[in-house]
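My entries follow in the order in which I looked things up.

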Amino acid sequence: MTEHPTHRARELRLAEVFVELADTLDGDFDVGVFLERVADRCVELLDVTAAGLLLADGRGELRTSAGCGGAGELLVRQREEGPCLDCYRGCDVVTAPDLARCDDRWPRFAPLARDRGFHATYAVPLRRRAEVIGALNLFRGAPGDPPGDDVALARAFADAAAIGILQERARQRQESLAAQLQAALDSRVVLEQAKGVLAERWGVGVDEAFTALRRYARAHRVRLAELALGVVDGTVDSDALRGSGS
């Protein structure tokens with residue numbers, strides 16, 4: 001049996017999109033641009049008229065958002081109620097095939113969504129294993145359940161988004177840790193240099209020089225690393241420093 005060309009074209013496009021969303025290991029990665037791209041691809045390939053994503057901050061509150069097709073305002077309103085918030089808190093898919101019946105469920109969100117021309121919605125969690133970092137929200141212009149495999153595809157989009165975001169966060173943490181380690185090593189080198197400079201200048205041991213450095217830093221409430229750098233570059237008066245250490 002010959003496969004319908006439209007189905008084949010969609011499969012090829014899906015493959016291209018998932019490759020595109022996987023390409024997050026880029027120094028120019030921008031989370032806002034990435035979220036907008038995910039939303040755009042959802043509207044392109046799913047039977048929805050708008051899409052958006054909400055990410056949780058470090059306190060577990062949904063803050064960062066991006067969307068297309070008019071979803072922006074509805075995303076911001078969901079920090080207090082709505083399918084995204086329920087999806088994030090419950091860590092599972094939330095569906096609302098008819099928003100006309102959701103006024104009790106979401107008294108502020110549902111009327112606003114209808115006013116914006118949306119009559120059905122569903123949300124899937126941005127999940128990586130047990131970690132949920134937000135939700136993907138899809139909006140439809142007519143009541144009814146999502147057709148065919150749209151929910152499964154939405155899950156796949158949400159998983160791809162979660163992986164991309166978590167990869168970027170891991171990269172940032174790694175870079176931050178590397179920078180902190182390098183700074184600590186640099187400070188240690190400068191401290192050893194300062195101890196050597198003072199020991200030679202005063203004709204004392206390095207332990208005595210270090211004692212003077214530390215005492216001066218405590219007495220004048222300056223960082224030991226900054227004081228050591230001042231000794232090495234000559235901006236600190238070593239005589240005054242020695243007096244503090246005696």
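**Helix H8.** I began with H8, residues 224–233, whose buried residues are Leu227, Ala228, Gly230 and Val231. Buried here means under 20% relative accessible area, exposed means over 50%, and partly exposed lies in between (1.4 Å probe, protein chains only). Helices (H or I, at least four residues) and strands (E, at least two) are DSSP runs numbered from the N terminus. Down the axis of H8 the buried residues fall within an arc of 155°, so they line one face of the helix; the arc is taken over the directions from the helix axis to the C-beta atoms. After H8 comes glycine 234, with a positive phi near 85°.

**Basis.** I noted that this is a predicted model, in which local features need pLDDT of at least 70 and side-chain atom pairs count only at pLDDT 80 or more, while totals for chains, interfaces and linings use all residues. Residues are numbered from 1 along each chain as its sequence is written, and side-chain values use heavy atoms, with hydrogens and water left out.

**Cores.** I next looked up the nonpolar cores, each a set of buried Ala, Val, Leu, Ile, Met, Phe, Trp, Tyr and Cys residues joined through side-chain atoms within 4.5 Å. The largest one has 32 residues, and those with the most contacts inside it are Cys42, Leu46, Leu53, Leu126, Leu136, Leu138 and Phe157. Two or more residues each come from H1 (5–22), H2 (31–45), S1 (50–56), S2 (62–68), S4 (120–128), S5 (131–140) and H6 (150–202). H6 gives the most to this core, nine residues. Apart from it lies another core of 25 residues, including Leu62, Ala71, Cys102 and Trp106.

I then listed the contacts (heavy atoms within 4.5 Å) of leucine 53. Leaving aside neighbours within four places in sequence, leucine 53 touches Leu35, Val38, Ala39, Thr64, Ser65, Ala66, Leu75, Leu126, Ala135, Leu136 and Ala161.

**Valine 197.** Valine 197 lies in H6 and counts as partly exposed at 25% relative accessibility.

**Cysteines.** I searched for disulfides (cysteine sulfur atoms within 2.5 Å) and the count came to zero. The closest cysteine sulfur to that of cysteine 68 is in cysteine 42, 7.8 Å away, too far for a bond. Cysteine 68 is buried, at 14% relative accessibility. For cysteine 87 the closest is cysteine 84, at 6.7 Å between sulfurs, again too far for a bond. Cysteine 87 is buried at 0%.

**Aromatic rings.** Rings of Phe, Tyr and Trp (its six-membered ring) pair if their centres lie within 6.5 Å; planes under 30 degrees apart are stacked, over 60 edge-to-face and the rest tilted. I found three aromatic pairs. In one, phenylalanine 109 and phenylalanine 139 have ring centres 6.4 Å apart and planes at 40°, so the pair is tilted. This pair links H5 (residues 109–115) to S5, 30 residues apart. Phenylalanine 109 is buried at 1% relative accessibility and phenylalanine 139 at 0%. Phenylalanine 118 and phenylalanine 139 also make a tilted pair, with centres 5.1 Å apart and planes at 40°. Phenylalanine 118 sits in the loop between H5 and S4 and phenylalanine 139 in S5, so this pair ties together parts 21 residues apart in sequence. Last entry: Trp106, Phe109, Phe118 and Phe139 form one aromatic cluster.
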